[in-house]
Amino acid sequence: MFAFLDMGNSLAKAAALDFGIQWGCWVLASALKTEKFYDLAGSSTFFALALQSLRWGGTYHTRQKIQTGLVMAWAARLGTYLFSRIQHDGVDRRFNNVRDRPGVFFVYWSLQGVWVLSTLLPTLLLNSKKEDSPLSARDYLGWGMWGVGFLFETVADYQKSRFKANPENTGKFISEGLWSISRHPNYFGEILMWSGLYVSASSVLSGWEHLSVVSPLFLSFLLINVSGIPMLETYGQKKWGGDPAYQDYVRKTAKLIPFIW
């Protein structure tokens, strides 16, 4: 009973911190009419919640420390990359019809809060655990999945940045490196990472706590059906739809999972 109350208290504090950050940033972003720190705020919230949940739990088991470290490494890498990208690009086209509408902008910031909390749920539950169990094959499998996913996302982002930085590629689409085996290798890496973190955390989860599988499932739904792949595929067809080379690339290259789909 007490363990359940402690867990509930940790989740409540995490939710308060999460939405406090998002709504505070929304006030500032609305006043400045900018989305330039939207992604940075999201990744920073992941970093802060992972670290704070470990501190709130106070047990610092090996599994908890590794899981928390992996989340923080991902957040630091992706946050830095996304912030530098928007500083270079100037705008994020996702917000073209939003940044001047505070009410709609609020929905975007709130959805980011939901995304952070749901995606981080396995880690939050893990870090609230007082009991521990020896590391198992499931942990190493999960961390291995995270490692492969992190490598995919990092390399894909680097390859695309390098491609766009070359003046000879202005107006062209990337189809080299990891982008030759998947049209969205960075998203494949993202889904694999969070799936791996759930697999590892599930080593000590029980009963209703396995509902935290919503983490990779919800993330996958967003990327595959909502804000990720659909938007980029529509943009690609609009920009290069009349290019036979692009249509050939789309036809021959897996959408997400390399060589498969």
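Which residue has its charged end over the ring of Tyr-235? Keep that in mind while we set the ground rules.

The model is predicted, so local features need pLDDT of at least 70 and side-chain atom pairs count only at pLDDT 80 or more, while totals for chains, interfaces and linings use all residues. Residues are numbered from 1 along each chain as its sequence is written, and side-chain values use heavy atoms, with hydrogens and water left out.

**Exercise 1. Find the charge that sits over the ring of Tyr-235.**

Step 1. Recall the test: NZ of Lys or CZ of Arg must be within 6 Å of the ring centre and within 35 degrees of the ring normal.

Step 2. Look at Arg-93: its charged end sits over the ring of Tyr-235, 3.7 Å from the ring centre.

**Exercise 2. Classify the ring pairs of Tyr-246 with Phe-173 and with Trp-240.**

Step 1. Rings of Phe, Tyr and Trp (its six-membered ring) pair if their centres lie within 6.5 Å; planes under 30 degrees apart are stacked, over 60 edge-to-face, and the rest tilted. The structure holds 22 aromatic pairs.

Step 2. For Phe-173 and Tyr-246, the ring centres are 5.1 Å apart and the planes stand at 75°, so this pair is edge-to-face.

Step 3. Phe-173 belongs to the loop between helix H5 (137-165) and helix H6 (185-201), and Tyr-246 to helix H9 (residues 244-252), so the pair links distant parts of the chain, 73 residues apart. Helices here are DSSP runs (H or I, at least four residues), numbered from the N terminus.

Step 4. Now take Trp-240 and Tyr-246: with centres 5.6 Å apart and planes at 45°, the pair is tilted.

Step 5. Check burial, where buried means under 20% relative accessible area, exposed over 50%, and partly exposed in between (1.4 Å probe, protein chains only). Phe-173 is buried at 16%, Tyr-246 is buried at 5%, and Trp-240 is buried too.

**Exercise 3. Describe how H2 meets H4.**

Step 1. The axes of helix H2 (residues 38-57) and helix H4 (residues 102-127) come within 10 Å and cross at roughly 30°. Axes are lines fitted to C-alpha atoms, for helices over the stretch in contact, and angles run from 0 to 180 degrees between N-to-C directions.

Step 2. Name the arrangement: H2 and H4 are roughly parallel to each other. Under 35 degrees counts as roughly parallel, over 145 as roughly antiparallel, 65 to 115 as roughly perpendicular and the rest as oblique.

Step 3. Pick out the contact residues, contact being heavy atoms within 4.5 Å. On H2 they include Tyr-38, Phe-46 and Leu-49, and on H4 they include Tyr-108, Trp-109 and Trp-115.

Step 4. Look for rings here as well: ring pairs link Phe-37, Tyr-38, Phe-95, Phe-105, Tyr-108 and Trp-109 into a cluster.

**Exercise 4. Say whether H4 is parallel or oblique to H7, then treat H3 and H5 in turn.**

Step 1. The axes of H4 and helix H7 (residues 214-226) come within 7 Å and cross at roughly 140°. That makes H4 oblique to H7.

Step 2. Among the residues making this contact are Trp-115 and Thr-119 of H4 and Phe-218 and Leu-222 of H7.

Step 3. H3 and H5 pack at an angle of about 10°, with axes 12 Å apart. H3 is therefore roughly parallel to H5. Their contact includes Trp-74 and Tyr-81 of H3 and Trp-143 and Phe-150 of H5.

**Exercise 5. Locate Trp-26 and list its contacts beyond four places in sequence.**

Step 1. Trp-26 sits in helix H1 (residues 2-32) and is partly exposed, at 22% relative accessible area.

Step 2. Leaving aside neighbours within four places in sequence, Trp-26 is in contact with Pro-102, Phe-105, Phe-106 and Trp-109.

Step 3. Trp-26 and Gly-103, 77 residues apart in sequence, are 9.9 Å apart from C-alpha to C-alpha.

**Exercise 6. Describe the positive phi of Tyr-60 and of Phe-259.**

Step 1. Tyr-60 has a positive phi of about 55° although it is not a glycine. Tyr-60 lies in the loop between H2 and helix H3 (62-89) and is partly exposed, with 38% relative accessible area.

Step 2. Phe-259, also not a glycine, has a positive phi near 70°. Phe-259 lies in the segment after H9 and counts as exposed at 68% relative accessibility.

How values were computed
Helix = DSSP H or I, 4+ residues; strand = E, 2+ residues; numbered from the N terminus.
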